[in-house]
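Thanks for coming, everyone. Let me put the structure up on the screen, and then we'll walk through it piece by piece.

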Amino acid sequence: MTKLNAVITATGAYLPDYRLTNEELSTMVDTNDEWIMTRVGIKERRILKEEGEGASFMGAKAIDDLIRKSGVSRDEIDLVVCATVTPDAPIPSTAAIIADKADIRHALAFDINGACSGFLFGLEVVSQFVRTGCKKKAILVCTEKMSAITDYTDRTTCVLFGDAATAVLVEPTTEDLGLIDSDLHTDGFGRHWLKIEAGGSVLPSSHETVDQHKHFVYQEGKQVFKYAVTSMADVAAGIMERNHLQADDIAWLVPHQANLRIIDATANRMGLAHDKVMINIQNYGNTTSATIPLCLYEWEKQLHKGDNLILAAFGAGFTWGSMYLKWGYDTK
Ligand code: UT7
């Protein structure tokens, strides 16, 4: 039997228009551009301002963009996996709502939560379906309305996050392209340092939980930083080593965009020059599962068929991991 690989064949995205700048944030909390730029590296983030709209609104728009660019027919799509930490609601799945809004009627659709590693976890899941020949035109949509779970009175978190959605099409190929190797991890010991306490089955919503701001992201930044910086660098260097890749073999590092210092540490550990690292954190902040595919989307025209890419992420859980991809196409 012919061996199938799973390869990304198109990308799409949706970015809300509104730009929340460091200047505006410094009128809301005690912060400033200098602190944010030196400690994190963010200038502005996009915020979804449309009344009554959430993750599915942005996700469906990212799929519309993907379909317009790729020419794939909505009827052919047979899998929609949605990675998000900001679902429209607990039920139904945001994937089901997105498929409806995007007029996709013949696909298996479900959500996953890998937090900031959501794109890597989602690509692993989608690729398993595609490699077995079970699904032929799969979409991984990463959509995050982080502004809905961000406390804009907490300066330690509100400067970090932004809203965005992305979509990638994954198809089978018999060429030596696509997802070559992955090394993904979860260890729940980290769950206390990055979490949302209320709104779930343990602590359902109440007036009290709302008054205490327990529906927002809580992060002990220093602790998370400590683990993020070592885990992301270790796992990225590890995947290079086990695939016998030297720095010169790698076209791009595509890192999760949580903090420029974490990205720099990962690139240094891999021995990669700055100009081989995709960085757009300054424009969008941390959009959780959407950061890595947003880089792929923005750099698409500079990517060539056969380019070796290393993806790396770290997030709540803790979750972390790295992937080795051979890019599948040249963009005309
Ligand atoms: O994507 C999911 C995974 N998440 C991450 O990877 C994030 C990992 N953590 C980080 O990136 C960093 O820890 C942060 C960017 C969140 C914070 O940077 P830091 O260098 O670790 O700062 P810190 O928490 O140690 O705070 C240093 C000081 C504190 O003041 P004192 O106690 O030294 O007086 C904070 O109160 O900076 C203060 N501070 C701020 N000052 C101005 C914290 N936030 C701000 C702010 N503006 N926005």
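Where is His213 found? His213 sits in the loop between α7 (207–211) and β10 (218–219). A word on those labels: helices (H or I, at least four residues) and strands (E, at least two) are DSSP runs, numbered from the N terminus.

Before going further, some ground rules. This is a predicted model, in which local features need pLDDT of at least 70 and side-chain atom pairs count only at pLDDT 80 or more, while totals for chains, interfaces and linings use all residues. Residues are numbered from 1 along each chain as its sequence is written, and side-chain values use heavy atoms, with hydrogens and water left out.

Back to His213. Its phi is near 60 degrees, a positive value in a residue other than glycine. His213 is partly exposed, with a relative accessible area of 34%. Here is the scale: buried means under 20% relative accessible area, exposed over 50%, and partly exposed in between (1.4 Å probe, protein chains only).

Now the sheet. What is the strand order? The order is β1-β7-β6-β4-β5, in an open sheet of 5 strands with mixed pairing. The edge strands are β1 (5–14) and β5 (108–112), and each pairs on one side only. Pairing here requires that DSSP finds at least two bridges between two strands. Neighbouring strands of this sheet are turned by 20 degrees against each other on average, direction ignored.

Start at the β1 edge. β1 and β7 (residues 163–173) pair in the antiparallel sense, over 9 bridges. Look at Ala13: its bridge partner in β7 is Thr166. Although β1 is an edge strand, 9 of its 10 residues are buried, so β1 is largely enclosed by the rest of the structure.

β4 (residues 79–83) and β5 run parallel, joined by 5 bridges. Val81 has Phe110 as its bridge partner in β5. Helix α4 (residues 94–101) packs on the sheet, touching β4, β5 and β6 (138–145). The direction of α4 makes about 135 degrees with that of β5. Contact means heavy atoms within 4.5 Å. Axes are lines fitted to C-alpha atoms, for helices over the stretch in contact, and angles run from 0 to 180 degrees between N-to-C directions.

Which residues of α4 are buried? They are Thr94, Ala95, Ile98 and Ala99. These residues cover an arc of only 135 degrees around the axis, which puts them on the same side of α4. That arc is taken from the directions from the helix axis to the C-beta atoms. What covers them includes α3 (55–70), β4, β5 and β6.

The peptide bond from Ile91 to Pro92 is cis, with omega near -5 degrees. Just after α4 comes Asp103, with a positive phi of about 60 degrees. Asp103 is not a glycine. It is partly exposed, at 41% relative accessible area.

There is another cis peptide bond, joining Gly317 and Phe318, with omega about 5 degrees. Phe318 lies in the loop between β12 (308–315) and β13 (319–326).

On to helix α5 (residues 118–131). Its 14 residues, at 1.5 Å a residue, should span 20 Å, and the end C-alpha atoms are 20 Å apart, which agrees. The expected span is 1.5 Å times one less than the number of residues. Of the 14 residues, 10 are buried, so α5 is largely enclosed by the rest of the structure. Among them are Phe119, Leu120 and Phe121.

At 0% relative accessibility, Ser117 counts as buried. Beyond its neighbours within four places in sequence, Ser117 is in contact with Ala313, Phe314, Gly315, Thr319 and Trp320.

Last, the cysteines. How many disulfides does the structure hold? It holds 0. A disulfide would be a pair of cysteine sulfur atoms within 2.5 Å. For Cys116, the nearest cysteine sulfur, that of Cys142, is 11 Å away. The sulfur of Cys295 is 12 Å from its closest cysteine sulfur, in Cys142, too far for a bond. Cys295 is buried, with a relative accessible area of 0%.
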